[in-house]
Amino acid sequence: MNKKKVLIITYYWPPAGGPGVQRWLKFVKYLPEFDVEPIVFVPKNPNYPIVDDSLVSEVSKDVTIINHPINEPYKWAGFFSNKSSKTISKGIIADEKEQSLIEKLMLYIRGNFFIPDARVGWVKPSVSFLIDYIKKESIEKIITTGPPHSVHLIGLQLKQKLGVKWLVDFRDPWTTIGYHKQLKLTSASKAKHKSLEKQVLNTSDQIIVTSSVTKTEFQNITNKPIEVITNGYDNESTVDFEMDSKFTLSHIGSLLSKRNPEILWRVLNELVNENVDFSKDFQLNLIGSVSKNVLKSLKYYDLSDYINELGYISHKEAIKYQKKSQLLLLIEIDSEDTKCIIPGKLFEYMVSNRPMVAIGPNGSDVEKIIKETNTGHYFNYSDYESLKRIILEHYKAFQNNTLQSHPIGLQKYHRKALTKSLANLI
């Protein structure tokens, strides 16, 4: 039986690190088991903000990878301010009152001269290259995944020129994503984003989103079919680890300027001051990029001495920290726009056998999943007393050597099960 060919167009691919690469790396891994042959199109010379060479080994040698050069403006931006260009490309944007003139200028240029994003220069050459490739290989179906949402403009033009079936995958929303409000967009730029978003949604044949909140948002813009396929977890290779002897709270991922849970820092400050044993046992692991604002807040609450700041580590090392930490932290910005955000690490947290403490907006998809799977506790930014009580309960369980998670119903979030749902759409 011949497998159905599908062309997957993505910017993030190994050796890119971070959560953006995981979703399609795993889909590509399992699609052949459902009689689908994935062909992956990626940039030839990308400027990835995070690199994880260990992920290269996860790409099957049987998968066809094609590429085409990209002109990356972030490389040129580095000549003016290498530090600012790197942090902006990672999505870390300082509060406006703390931005330098260079940062403000770079954000204005990024927001208004590169629509929808800084990779828009890849669209035209990619379309020219792929038209010939699609015809030559008799490909009838394509998938684009964003962000960067400029990748969807490649799919839009290929749909218009060739009439291929086009599935568009939104790992994050477009115009309601949190950092849009920080890009200093003019009215004309905002309108252009909205127009492109609407055109993409209404021209595609099938829309895929990672959360039900995003599905509801897009249903107000289009009548095209929308399927929710979340991120998930995979069978990770065995890692050697020993449980931390300290009461470690670990956050894995970026802590942006606005992802700064002062309610948690206040709770931890009180527990350190009220409980001598807690102050001796407690350690806060910060794994990934951390903004200056967050570090300032931690210093204000006298928690600097308890921090173990590791920066970015490989995915394999991150798995090890998930398994050996006592508690896992999941933090989201307290905003209406972030209710739809389901971090990829949530699903890896769920199978780590460690309880989660999550803080975010009321009514989020994350809250529903955590409650449904019994993998932790979810708090809003006003739940001070409840948060303090649960952390203290977890600490007492740690002292009694009984601290662990008791998950239920995780199987539907396995990457293979999710890929089956994708294959049914192709």
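Two strands count as paired here if DSSP finds at least two bridges between them. Helices (H or I, at least four residues) and strands (E, at least two) are DSSP runs, numbered from the N terminus. What you have open is a predicted model, where local features need pLDDT of at least 70, side-chain atom pairs count only at pLDDT 80 or more, and totals for chains, interfaces and linings use all residues. Residues are numbered from 1 along each chain as its sequence is written, and side-chain values use heavy atoms, with hydrogens and water left out.

**Stop 1**

Now widen the selection to β12 (residues 356-359) and β13, which run parallel and share four bridges. Zoom out and you get an open sheet of six strands, paired in parallel and ordered β10-β9-β8-β11-β12-β13. Its edges are β10 (307-311) and β13 (376-379), each of which pairs on one side only. From one strand to the next, the twist averages 20°.

**Stop 2: the seven-stranded sheet**

Go to the other sheet on this tour: seven strands, open, parallel, in the order β3-β2-β1-β4-β5-β6-β7. β3 (64-68) and β7 (226-228) have a single partner strand each, so one side of each lacks a neighbour in the sheet. On average, neighbouring strands are turned by 25° against each other, direction ignored.

For a close-up, pick β5 (residues 165-170) and β6 (residues 206-209), a parallel pair with four bridges. D169 has I208 in β6 as its bridge partner. Then show α4, which packs on the sheet and touches β1 (4-9), β2, β3 and β4 (141-146), its direction making about 145° with that of β3.

**Stop 3: an aromatic pair**

Rings of Phe, Tyr and Trp (its six-membered ring) pair if their centres lie within 6.5 Å; planes under 30 degrees apart count as stacked, over 60 as edge-to-face and the rest as tilted. That rule gives 17 aromatic pairs. Select F41 and F129: with ring centres 5.9 Å apart and planes at 20°, the pair is stacked. F41 sits in β2 (residues 36-43) and F129 in α4 (residues 123-137), so the pair ties together parts that are 88 residues apart in sequence.

**Stop 4: two helices packed together**

Finish with α8 (residues 262-274) and α14 (residues 384-399). How far apart are their axes, and at what angle do they pack? The axes are 10 Å apart and the angle is about 50°. α8 and α14 are therefore oblique to each other (under 35 degrees is roughly parallel, over 145 roughly antiparallel, 65 to 115 roughly perpendicular, and the rest oblique).

To see the contact, show I263, L264, R266, V267, L268, E270, L271 and E274 in α8 against Y384, L387, K388, I391 and L392 in α14. Coloured by class, that contact has nine nonpolar, no polar and four charged residues. Ala, Val, Leu, Ile, Met, Phe, Trp, Tyr, Cys and Pro count as nonpolar, Asp, Glu, Lys and Arg as charged, and the others, Gly among them, as polar.

Conventions:
Axes fitted to C-alpha atoms, helices over the stretch in contact; angles between N-to-C directions. Contact = heavy atoms within 4.5 Å.
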